[in-house]
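Biologist: Could we go through this model together, term by term? I would like to hear what stands behind each word.

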Amino acid sequence: MKKWIAFIAIGLLIGVLAACTTKDSATKEPKDTTNAPEEPANETEDEENGLKTLYMNNGNEPTSFDPAVGFDSVSWNALNNLMEGLTRLGQSHEPEAAIAEKWDVSEDGTVYTFHIRDNANWSNGDTVTAEDFVYAWTHLLNPDTGSPAAFLGYFIEGGEEYNSGEATAKDLAIKAVDDKTFEVKLNAPTGYFLHVISNPAFFPVNKAVAEENPEWHAEADTFVSNGPFALAEWAHNSHIVMHRNEHYWDKDTVKIDEVHWAMVDDPNTEYQMFETGELDVTGIPSELSDQLIDGDNVQISDQGGLYFYRFNLTKEPFQNKKIRKAFALAVNQEEIVEYVTKNKEVPAKGFVSPGFTNPSGEDFRDVNGDLINFNAEDAKKLLEEGMKEEGYDELPEITLSYNTSETHKAIAETLQSMYSEHLGVEVTLENTEWSVFLDDQKGLNLQFSRSSFLFDYGDPVNFLESFITDSTMNRTGYSNATYDQLIANIKQEADESKRWDLMYEAEKILAEDVPFLPIHYYNHVHIYKDGVTGVVRHPVGYLELKWADKN
């Protein structure tokens, strides 16, 4: 196995070296500019004009800049710098006053009254009002919106009922007390609510602009923002340019004048652009990790999230729990992070990532321990038992799907080899572009597919709630009434110690039912150009450029 993985790594490295060689002579050949990022402005010219321009890579075209719809990092990392909610995560990763300068909480912990800053304005000069929040949060939960992030609003009284079509917008417990006072009532005390609403799903929307043009968020010339930056240019599938928002209430904190975002989804190309000065920040391609990971400008930090594969329980043979468990136990996560990804990730033996501490200060992961452990012998036995239960003489064909990426491809090929070696099962691989892949996964069209989860707020239930029946985040066909009730109980439990015990129990049910296969927990690994400081990457949350600087 190790030799096979090393073979993959060598092959990838040859590709990178070949690409670097091509780069050296690229100016002698005509350029293919299809979907290419914008040529960066001349940095000397920026310096002469006194401009500080930061060059970033967004990876892909944002799915949507509608806060309720763009439920992925390629949308929300950028959107988090264009807009701002009632709270924003600060440099210490805790929620701080943002558009709301202060708030009051009722004695029973269920009613929050937010006081919006007098100088909170939109980039078109309009004042940010409480009605903008009522409009945006209603839009988030409106079933016609079809927001994949709507479940985040189920903490609000009437939120789930409205989103499921069992109530109307009038039943939502949110209201504008006056232009600058916004009130929300929760179903139960929620200690992490201020963290929840820092999420882009809860950003306001300029009601007047949106009512006049429902597609306000689709182009730069119609987009209005209320955050540190304004959207100046959006060349779809090519690049985005942001300018410092002169109407932002805290504009004096913002040091960067412009942010240029490329859209390059290949880590090797991204690194080449960093090397040639076209980017100020880059990730580290796994095949170059040995040479780069310990460099002076490398920053490694925690990130709450999981890289995993979803089993589709509606497609054979994964309706059988023993077969799912066999495919889970046949994967050696340690070898994947050591020989394939090589960015100092932690192999995932459970589902909730490290970093979440209970009321006693213990890490969730330490308390619940390792739940999915590589064991080739047990995997083979479980496969045989599962096939016997289903009456299979031969296992149905298995197709493993992933969205196009060299890293995803390398991991998929490694899993393919492990299944051949440990189970005697030949797996077919297929890859598609992100938008097609995501639609197919949501539609339960994929049998066994690559996925990821980044925590939206700082509590383990955020991940666990994704696998209740019919959750938009489920995407496996998994359904367990006991599990569903347990998640409901977690959300109503006021005693924190008891609530954490229920979350431990919930994760163990997932480990027993195995609707998905964990690979590794995420981390942030980036190289920064000299002089770039203040870029904040939250363990749970999205990229912050509000405090960034470049000298």
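Modeller: Gladly. Axes are lines fitted to C-alpha atoms, for helices over the stretch in contact, and angles run from 0 to 180 degrees between N-to-C directions. Helices (H or I, at least four residues) and strands (E, at least two) are DSSP runs, numbered from the N terminus. By those rules, the axes of helix 10 (residues 321–329) and helix 18 cross at roughly 95 degrees and come within 8 Å. This is a predicted model, where local features need pLDDT of at least 70, side-chain atom pairs count only at pLDDT 80 or more, and totals for chains, interfaces and linings use all residues. Residues are numbered from 1 along each chain as its sequence is written, and side-chain values use heavy atoms, leaving out hydrogens and water.

Biologist: Why are helix 10 and helix 18 called roughly perpendicular?

Modeller: Angles under 35 degrees count as roughly parallel, over 145 as roughly antiparallel, 65 to 115 as roughly perpendicular and the rest as oblique. The crossing is at roughly 95 degrees, and helix 10 and helix 18 are therefore roughly perpendicular.

Biologist: Which residues meet there, in helix 10 and helix 18?

Modeller: Lys 321, Arg 324 and Lys 325 of helix 10 meet Ala 511, Glu 512 and Asp 513 of helix 18, with contact meaning heavy atoms within 4.5 Å. By class, this contact has five charged residues, one nonpolar and no polar. Here Ala, Val, Leu, Ile, Met, Phe, Trp, Tyr, Cys and Pro count as nonpolar, Asp, Glu, Lys and Arg as charged, and the others, Gly among them, as polar.

Biologist: What makes helix 17 roughly antiparallel to helix 18?

Modeller: The axes of helix 17 (residues 481–492) and helix 18 (residues 496–513) cross at roughly 155 degrees, coming within 9 Å. That angle makes helix 17 roughly antiparallel to helix 18. Their contact includes Leu 486 and Ile 490 of helix 17 and Leu 502 and Ile 509 of helix 18. By class, it has nine nonpolar, two polar and two charged residues.

Biologist: What makes strand 1 and strand 8 edges of their sheet?

Modeller: Two strands pair if DSSP finds at least two bridges between them. The open sheet has four strands in the order 1-10-9-8, with mixed pairing. Strand 1 (53–57) and strand 8 (229–235) each have a single partner strand, so one side of each lacks a neighbour in the sheet. Strand 1 runs parallel to strand 10 (residues 258–262), joined by five bridges.

Biologist: How confident is the predictor in the protein chain?

Modeller: pLDDT is its confidence in each residue, from 0 to 100. The chain averages 91, and 91% of the residues score at least 70. Over residues 1–41, though, pLDDT stays under 50. Where pLDDT is low, the predicted coordinates should not be read in detail.
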